[in-house]
Each structure stands twice: as C-alpha cells, then as structure tokens.
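Subject: Structure for you to look at

Dear colleague,

I am passing on the structure below, and I would be grateful if you could read my notes alongside it.

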Amino acid sequence: MTTVTEVIATGVLLGLIYTLAALGLQVSLGVLRVLNLAHGIIVIAGAFFAFDLLHAWHITPLLAVILALPVFFLFGLVLDRGLVQRVRRVSEQAVLLGLFGAMILLQSLAILTWTTDSRSITVSYTNSSVTLAGVTLPADYLVAAAAALVILGIIAAALRFTMAGRAVQALAQNPEAARVLGVNVDRWASIVFGLSVAVAGMSGVLLADVFPFSVQEQSQWLAYAFIVVLVGGTGGIRGALVGGLVLGLAQSVFNQVLPLQYVDVVVYGLLAAALIVRGGGLASRRERAL
Amino acid sequence: MTALGRTDETGTASQAAGPGRGPALFRRRLVGMLAAAAAVALAAAWGSSFGQVAAVSIAVIVLMYVALAGGWNILGGYAGYMNFGTVLFFGVGAYATAITSSAWHLNPLLTAPVAAVAAAAAALLIGVASLRLRGGYFAIATFILTLAVQSLALVLGITHGAQGLFITGLGISPIRATRVFFDLFLALAVVAILICWVIERTRWYSALIAIREDEDAAEVLGVPTTRYKLTALLIGAVIAGIAGCFYAAQIYYIEPVGTFDFNISLATVVAAVIGGAGRWYGPLIGAIITELLAQELFVHVQGVYSQLSYGILLIAVVLAAPGGVAGLAQRALRRHPAPERPEPLQPTAQPLTIPATDKEIP
Amino acid sequence: MTAAAAPAQARASTGIRLADVTAEYVPRQPTLSGLSLWAAPGRITVILGPNGSGKSTSLKVMAGLLQPWRGKVEIVRGAETHDLTGAPCHDRARHKIAYLPQGHSVFPAMSVHDNLVLGAWPLKRDRRAAAAAIAAAYERYPMLRDKRRVPAGSLSGGQQRILEVARLLVADPDLVLVDEPSTGVAPAVASMMYVELARMRSEGRTVVLVDQDVRSALDIGDAVYTLRSGRNDRHGEVSEFAGDVTALAREWLSAGPTASEEKGG
C-alpha cells in the first residue's frame, strides 16, 4: 500500500466503516439527546457476536450482520425501557451515570465471557486483496466497507421515504409538535434507541471482519465514534459520513507516516482539535435549536 | 439537594435562618465543628500510633478516595458535570513528582507543589478545550482524554514509557511510612471535604447548582459559567494531583498502565455518587462505603469483579437512590408533612430538548 | 370532493369539557385550580385572561400535554362522552383533536411537503386517504405548492403559520385548540389566522381559542370564558359580554400579573 491513491482509497474504506460504527452514537445523541456511553462496548459485543457465530455455527460475518439487527435491537429496547426511560425523569446526569454503569457492567461481563485476549476473524477473503483500476486494496476492507455503505443507504432511504423515517426526524426536531400530531413519542424514542444499539452491534460485526479486537478496545471505538460526532455533527447521515471519512483518511495517512504507537496519539490529538473547534458549536442547547 | 435527584428544595438545611434562631444555630454549628475537629484528631492519633498497621493501610486508601471524591464533587456533584478524568490529574501529579524528585534530588513529598501546579496546568488545558461542551459531551471527552494521556505516557521519553519511573524512597521503615501516609492523606481528605463545606456557604455554590439545573438560564442571568466550571475543575484537579504525588511517593514505582488506570476515576465517581454527590458529606460517606467494600470483598478477587460490582452499584444507585446514601438519609429525615395530593395521573410530558447542531435532511 | 371541504353536517359535532381541573407544572404550585369550562360543538369558544391566568395551560390540559391531578377532561361527540383524563397526548389525534401552539411548531429541517406528510400521521395506514388529504391541503393553500421542497425553517413567519394550519388540517380534525395565534406575528399574518379560524367554524369544526388580542378574539368568538389566577372568572355568550370584557381587558393590562400568576398561564 504505497501509492497515494491507495492511501486515500483505504482511508475512504476505513471511513465508511467508522461512519457506521459511529452512527448509533450519533442517532441517540441527535434524536434523543442521550449520550450512550455504552456504545463502544456494544460495538465490541457485535464483534464477538460475529466471532462466536462463525466458530459455533460457521455463519459468515455478512450473514451475522443481518442476525445482529434483531438481537441488538432487542437489547437496545431492554436498555432503554429498563434504564434510560426510567432514569430520564431524574436528571441528565443520572442518565449519563446509568449508561456509564451499564458500560462498566457490560465490559466486565464481556471480560468474564471472552477474556481480555485479542481475537480476529478469518474468512475466505481475509488475507486476499483486490485490484480495481490499478489500485490494490485488502478484500476484507472492501467487503466491510461495501456492507457498511449498503446499510447506510438503507437507513438514509428509510429516513427520507418512509413514514417511520419522518417520525424519527420529527422526534429530533420538535417532539412536542410530533406528539400533538399523534406520534407516540415515547414508543418511538424506544425504537430509535433500539435501532441505535442495533446499528452499533452491526458495525461491530463488520469491524470484526477487518480488525483484530479485544474487550478493552471498546473505549477506543467509543473514542472514534465520538470523534466522528464531534467532526460531523449530530445532524444526520451526511454529517456522520463527513466525520467518518475525515477520521478514516486521517488514520490512513498517518499510518503511512508514523510508527504504530504514535497513530493513536495523533488520533487523540485530532479529538482535542475537534473539541476545541466544535466546542463552541456544541455549547448551548438553545443556540443550536433551529 | 443532590446532584442526581431533582427535588424542590434548595439550599442547605443548616442555612435555616430567622429571628431567634441565630444563637441556637451558632451553638449547633460550633458543636458540630468541635465534634468534627475531635474526630479528625482522634483519627490522626489512631493512624499515627495506636491503630493496627493493616487497618491503617486500608484506611490510607479510603482516605485517598475521600480526597479524590471530595475534589470531584465540586464539578461533578455541584455543577453536575460528570468528570471521568480524575485519574488524569492524579497521574500527572504522580509523574510530576517522579520526574522532579529524581531530577532535582528531592524528597518526593516536597515536590507536592510541583504536582499541584502540573495538575492545575493540565486542568487548564483540558478545561479550556472541553468545558464548553455540555454534560454528556464533557463526560465522554474526559473519558477519552484519560486514555489519550495514558497512551501519551506510554510513548513520551520523559516518562520512560512502559518501563515506568522509580521514585527515591523516603528512607523510613514501611510501617512508619504507612502511618506517615495516613497522616498525609488524612490531611488531604480533610482539606478536600473542608473545601466542599466552605463552598456550600458561598454564592459560588448557588451558581454551580444553577449550572447543573439549567445552564442556559444561568448564562442568560450572567453567570460566568465557563470560568466557574474551570475553577471547579481546577480545584478537583489540584487535589487529585497532590494525591497522585503522595501515591507515587508511597509506592515508589509508577508506570502508565497502573498510574493512569481508569479504575481510579471510576472508583472516584462511584464513591461520590453512592455517597450522594450534591453535598459535602456525600463523598465522605461514599468513599468509606465503596473502599471498605472493595477491600473486604475484593482482597482476593481483583479486577473484573470489582468493575462488575461498580457497574451494578452505579446502575442500582441511579435507578433506586439517585441521591446516594445522603439522599436516602435526607428522605428519611425529612420532616415536612407528606403531600396531601396523589401523584399526577401521568408524569408530565418531558419535552426532549434537542441540542441539534445541523439538521440537514439525511 | 376533498376532505377539507366536507359539508358541516357530515362532521361529528365535538365539544370539549374541563370539569374542576387542577393542574400544575411545579409541584405544590397549581397553575389551574378547579377550572371548569365547556366548548360547545361547532362554535368558537374564546378563553381570555391576564398574563399568568392559566389560559395556555387550560389548552395544554385539553391537548393532553399536561395531565391534571384532579378533575376531568371529556369530549362529547354526538350522544357519546369520552373521558380523556390521563390519556396520553398522542391519543388526541385519534380523537380528531388538533392543537396549534404558540410560536414555531414546524419541523424546521424537514421540507414543507414532509411536514404535511406528518400531518397525515393518523392516516398512515390508508395511503390513498393520506395522499388525498395532502392534496387537499395544497389546494386550500396553493402557496405551499411552490415551496414543497423547501425546508420549513427557511419560510417566513407568516408562511410557517400557514404551513402549521395546513398541517393541522390534513387529519381533518373536529376540534381545534389554538394558543394565541396573533402573538409575535405581523398584523397581516394575524388577521389571516382569524380568517382561517372562522373558516374552520364554517366547516363545522369546534375551535377553542386562547388569546391576548381581546378584540380580534371577540370579533370571531361565540362564547367566552375569562380566567383569573387559574380559576374561572366569568363566562357567557360574546354578545352578552362584549362591553364588559373590553373593560376587563383594560383592567388586566394595567394591573399586571399577581405573584401567584407568575408561573404558567
């Protein structure tokens, strides 16, 4: 991987994966104003889900992605009804702490179940590469990125063209008006949260296809998702794509230039920069409400 | 009023004013203060001479968390900004001590001011970058920054990466050392709690509460929210930094993974929340409970199980007793008559307020 | 024949009643205390009162945005009475009740068309009826047609109000609750709003109107209630009261809100 085109192409592929991996966090943040601190551990759970499905039942990651949808959606509903909705009326801080507790709890359960060892998935295309228009790219990146793109497309279409999608937008923009028009805002809030968890789980399956993973890395994925949200905003898939692509390209470029252990530091540096720049933008609730 | 529980009471119980209450109030306060001073003196005596060393060493950890949780309480409890970055300042203080004490050949305890300054500098940097973010964003930012600083420590030359740093010992026996550190942490804990107690009696306290309850309104009213939040962060950071200095001096070998261990932040937050984050006695109660629990239950079973319990504890507290132990006690001791009215037929619709940045059609 | 132009007789006459309602936003500080009122079918009932008297709150209780802790909210449709007390807000649409709040309530980042589509939410199972209803909305307010792809938030204030009314009418409500239609809008827009309200009445809908603009409200109103401190003050036919109410209004404007009226209203 030495040509500039390859670096950029890899960055784009990475970016698509990061976009999907961040979408769950962005949706619950933008639509429900809930910062799901357990997002990272859910993503990693998705990765282990793919791993276990592959080794127990020889289910390929691409099939596992589809199976992850209902499984993680249900889990999201449980998390929402059992924790988030109940604690919402207490205070914002309580919701944060509750989700933080959930993150810690899930992480320790994950360690007990899967240990802290690093895993990776090997399928038929894992170590091969594909050459398109003179550019050589790893096949697993391509597959995962393509799957991510398809999922993103489906979500975007659903948001734009279905009544449900419009209800979700309404929920994000003016929940009281939606309520008055007959939208059961509480039920839809649960559905949206469930979907955000489902997307997180599905993205975990895809990342398992590409990267080695371990339970502790959940905080890294939370960080990535957060960077995407900071850079791209909470406005929708378009914003997530911007954030994801920026992150993917940055990582791809820095991978070429810096030794491995510094890449993380640079990524966090990006975060710091994004914080400073975006900090103002995320400052006031009222400022941002249109 | 507790950080997590929204009640309709404001102010502290001891601020009840009114004619004729003055002298009785003053006497109560005086008695309270004398009792506290006596307790501290007793504790100091216990730690320094007649307490059993094993118990004292446990107490050292409890006191460290009292200090950390107390410092955390100002930004986290009063202002409601969940700060998961305590260990960041703790670690900065520890490393500052390690580096300067060996570079300048000083007794590490003498470098406490350096640790404090280093922690303060870190707080300023981080605060300026992240305190413009609201609640949850800030929480996540501190969480991630902790990891970032940890990776930085693993990479920078001055910190010797994963090899860690040695700190010159104090040249006293381990038993003597335990007692000395007991005194040090006791002093720090007392200072931290005292600071909280004092803050509750200033106007700054109401401003912080206002920030927690409705930051926009507070800003509109002219409260310099960023400055206040930064100060709150600074105080907590300095306390954590000094705690880090003592910690480094005590264990005299530090390395990034153990020193920037996220579990320290976690334990701090859990301690404050379990005790009741909105009052000065909350962190005190909480730290005692969680650390004693931790020591008793997890002496043999470390790591994962303690994290598991912290997670369960947090969720349980948030679901059942958002005000922590202090909140429960408040509820039990409350003396006004039970409200005559039943709950409204349905909880009033809570409008979701959206911070929506750019709402393009996706 | 489109839904919006249905003759008055085809519509189910719907009246709404508040019976001895006490409600509050802040515990132990009631905004409404034992309020009762009846908005008869097919008429415009006006609720007036000084700032903080609970006018908007009474509307919110009717709309289901605030639940009373005592009292009842009932709608009367023909011979049947439905008790709506405690029913969640989103059920109101099913009962053909619509609510037009003060201020902006469009979905700002959604297109005009999508806003209208959401107005058809109760009709979402019947795609044809929904499409017909939306088409009727464009017929009734042709200026929306040109703007159908434009984000609603970029419309002018007056245009947004039209959109809000159009959206509200898509589901063909029998009962429309309106909160201060003229506050904060240009006079031309305000008079347009009152024209629309009168038009709704001519279509057999029941309108409950809360207003600060006493004159305009009495111009189109049939019955009036005045509130003071969350309680009933006076009520009756507009024709009986007109002179009194104008005098009252003058009184309210000079007196200003009392301490207990500061909250809510």
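Residues are numbered from 1 along each chain as its sequence is written, and chains are lettered from A, with ligands numbered from 1, in the order in which they are written.

Over residues 281-290 of chain A, however, pLDDT stays under 50. Where pLDDT is low, the predicted coordinates should not be read in detail.

In chain B, the domain assignment (bounds come from an automatic or database assignment) gives domain 1 (84-260) and domain 2 (262-330), and their centres, taken over C-alpha atoms, are separated by 20 Å. Ten residues of domain 1 of chain B are in contact (C-beta atoms, placed from the backbone, within 7 Å) with seven residues of domain 2 of chain B.

In chain C, Leu227(C) lies in strand β9 (residues 223-228), strands being DSSP runs of E of at least two residues, numbered from the N terminus. Leu227(C) is buried (20 or more other C-beta atoms within 10 Å of its own), because 26 such atoms lie within 10 Å. Ile47(C) is 180 residues from Leu227(C) in sequence, yet their C-alpha atoms are 7.3 Å apart.

Best regards

Definitions and conventions: This is a predicted model: local features need pLDDT of at least 70, side-chain atom pairs count only at pLDDT 80 or more; totals for chains, interfaces and linings use all residues. Helices (H or I, at least four residues) and strands (E, at least two) are DSSP runs, numbered from the N terminus. A residue is buried if 20 or more other C-beta atoms lie within 10 Å of its own, exposed if 12 or fewer, and partly exposed in between; C-beta atoms are placed from the backbone. pLDDT is the predictor's confidence in each residue, from 0 to 100. Two residues are in contact if their C-beta atoms, placed from the backbone, lie within 7 Å.
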